[in-house]
Amino acid sequence: MNNDETIKKIHQQLHTQNIKGFLAPTEAEALFHLAYTSAALGPCLEIGSYCGKSTVYIGSACKLTENILFAVDHHRGSEEHQLGEEYHDPDLYNVQLNAMDTFPTLRHTLNQFDLEDCVVPLVAPSQIVVKKWATPLGFVFIDGGHSEAQATIDCLSWASQLNPGGILAIHDIFDDPARGGQGPFRALQSVLSTGKFNWISQVESLGILQCCAD
Ligand SMILES: C[S@@+](CC[C@H](N)C(=O)[O-])C[C@H]1O[C@@H](n2cnc3c(N)ncnc32)[C@H](O)[C@@H]1O
């Protein structure tokens, strides 16, 4: 099966199994290709797995390249997922805990897509995980908290973990405030202003940067 056939199969399986998430098909395809082509540069890492939509595309590329995806999420949901907020999903709310809990769904997704041997879920806030991180990465996908403060912390702290030539992809980039929140867009500008990254391209709302060579 070639990569296009693999991506088509994932699209179909996600649709059939009704995996919840926030990712356009073209963005998902771009994530797959970026993870696939950067595999020689180091492991992949994503911030914000939710129910595993982005995770299955990056994870499937890792499986094919014998790479690993570290999937970071505290699984308590972002601000917009909380009770009473715009993107709250009652199916993902744990009444006993009185909190969102998407981790059981992510585990189910990984099992369904046979990705338990190449995706390592890290259930913690990204700012805690990065404190002791010591493995240079080949590809980082940022889709966690979307406030300017959180997105900027995530982008700057994880961008610095990439190997030269490594790829940083940031979701929900909208240069026009009428189309979406500005947190990730401003975070991307902060990364570019370090002078250590080049702008590569944008696929729908997915902004793609590359770490400059040493
Ligand atoms: C927009 S959703 C991710 C969507 C997912 N990438 C997809 O393809 O469907 C954002 C996720 O980020 C997580 N999140 C928010 N802030 C976080 C933080 N500081 N550390 C870790 N995860 C965080 C939330 O729990 C939520 O699951």
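Buried means under 20% relative accessible area, exposed over 50%, and partly exposed in between, computed with a 1.4 Å probe on protein chains only. This is a predicted model, in which local features need pLDDT of at least 70 and side-chain atom pairs count only at pLDDT 80 or more, while totals for chains, interfaces and linings use all residues. Residues are numbered from 1 along each chain as its sequence is written, and side-chain values use heavy atoms, leaving out hydrogens and water.

Select Thr55 to start. Thr55 lies in helix H3 (helices are DSSP runs of H or I with at least four residues, strands are runs of E with at least two, numbered from the N terminus). Thr55 counts as buried because its relative accessible area is 0%.

Now select strand E1, residues 44–47. Cys44 and Glu46 on one side are buried, as are Leu45 and Ile47 on the other, so that both faces are covered.

Then show the strands beside E1. Strand E2, residues 69–72, pairs with E1 in the parallel sense over four bridges (pairing requires at least two DSSP bridges between two strands). Ile47 stands opposite Val72 in E2. E1 also runs parallel to strand E6, residues 137–142, with four bridges joining them. Here Phe139 in E6 is the bridge partner of Cys44.
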